Amino acid sequence: MMAHDPYALMISLSLDGLLDAEEEEDLHRHVQNCPTCAGVWRDMSTLDRVLNSSGELAPPPNFTLGVMARIESYETQRRLSPWFALFAVMIMLSAVVSVGAPIALFVSGLYRRLFELPFLGSWLSFGLHMVSLIQSSIRIALGTVIDWLTLLTADPAALAVVISALVLASTWIGLLEGMKAAPARSRSPR
Amino acid sequence: MCRCGVSTDQELVARVLDGDRNAFAQLVETYQRPVYNLTYRMLGDPREAEDAAQEAFLRAYKHLERYDPSRSFKTWLLSIASNYCIDRLRKRRLTWLSIDEPLPPHPSLTSDAPDPETSLIDSERNRAVQELLESLAPDYRAAIVLRYWYDMSYAEIAEMLETTESAIKSRLFRARQMLAQRVRAGDASELFMAMESA
Ligand SMILES: [Zn+2]
């Protein structure tokens, strides 16, 4: 077994044309007298012929288009990625500033100092005043609506008045629409 | 390969590096067949082979500035494709081991042979050859494919697969030994009969 191994390797090298004349002769002499190596020689030679006769396979049509599409998307990505990175950094920075700055101002109590500033201070207190004005008007409006709703659901008389008003309004609307359509219909036969 | 082709490749590469993408399309046209054949022989599945061949071209495009113009462009391209396929086969084996996914059905070959009889024998032969190749580990398979389909020398294969000539010498020998054993065991014997009578 061990004695045949160098010859098996020589057969492989011989198939690749890598043996010199002397080695080639040595191999042939051994193979002629050794059935084991003769078998290896035969099998490897058959294999060699099979593999050598296997042709090149063609890719499917539009292969080049597929490659160029990949390159196109790679280029687009490459062109955009620095801008995307910049954009992401900007977003993160502004998020940190817009959330962190007010919290920092509030926690440190520095926000009080802002009102002492000559110009910004008056604008800030004006802004705060406007905000509280809007806030209270919303509260008043909401309160009125809630009061009305409470009255409607609690008092059957009020509910009846609203429903009959709605019925009356829809009747009137229906009548008006009918009058708008009627002249067109009466005019057409003439 | 004619000498004019070699100089044209370098010109095309230079044009691509100057931003001319059409020049790269020309290179793809020229080498799509050898690259696809390599990925097919390595992976054994037409769809995977097409994907891998396209990926190999994309990688070549991305790293084109690393290409040494004094060398053959085809060899450089095939080296990218073979290493990519080896990686892919190793990953594939890992996924198979982990999720135990069944092997894809064996592909029918789309050969452009005009005669149906010939194309049948051709596809039979291709199937048998693929079965032989698929019995080899990725490194061995790559060495055999580069040796037989691309007629590369040991030194070229060693450089392409980033190893030594003696490693290639032993890989080719071991691969042949394993394949010869399969021939002896009768695998694809009808194919070899057909080969012998042809
Ligand atoms: Zn022997």
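This report looks at the zinc site and the aromatic ring pairs of a predicted model.

Local features here need pLDDT of at least 70, and side-chain atom pairs count only at pLDDT 80 or more. Residues are numbered from 1 along each chain as its sequence is written, and side-chain values use heavy atoms, with hydrogens and water left out.

Let's start with the metal. The zinc ion is held by His4(A) through ND1, His30(A) through NE2, and Cys34(A) and Cys37(A) through SG, at 2.0 to 2.4 Å. Donors are N, O and S atoms within 2.8 Å of the metal (3.2 Å for Na, K and Ca). The angles among the four donor atoms run from 97 to 129°, making the site tetrahedral (four donors, all angles between 85 and 135 degrees). Along the sequence, the donor residues follow the spacing H-x25-H-x3-C-x2-C. His4(A) sits in the segment before helix H1 (5-15) of chain A and Cys37(A) in helix H3 (residues 35-52) of chain A, so this pair ties together parts 33 residues apart in sequence. Helices are DSSP runs (H or I) of at least four residues.

Now the rings. Rings of Phe, Tyr and Trp (its six-membered ring) pair if their centres lie within 6.5 Å; planes under 30 degrees apart are stacked, over 60 edge-to-face, and the rest tilted. That gives 11 aromatic pairs over all chains, including these two:

| Pair | Centre to centre | Plane angle | Type |
|---|---|---|---|
| Phe119(A) and Trp123(A) | 6.3 Å | 65° | edge-to-face |
| Tyr67(B) and Trp76(B) | 5.2 Å | 50° | tilted |

Methods. Chains lettered and ligands numbered in written order. Tetrahedral: all angles 85-135°; square planar, octahedral: opposite > 155°, others 65-115°. Helix = DSSP H or I, 4+ residues; strand = E, 2+ residues; numbered from the N terminus.
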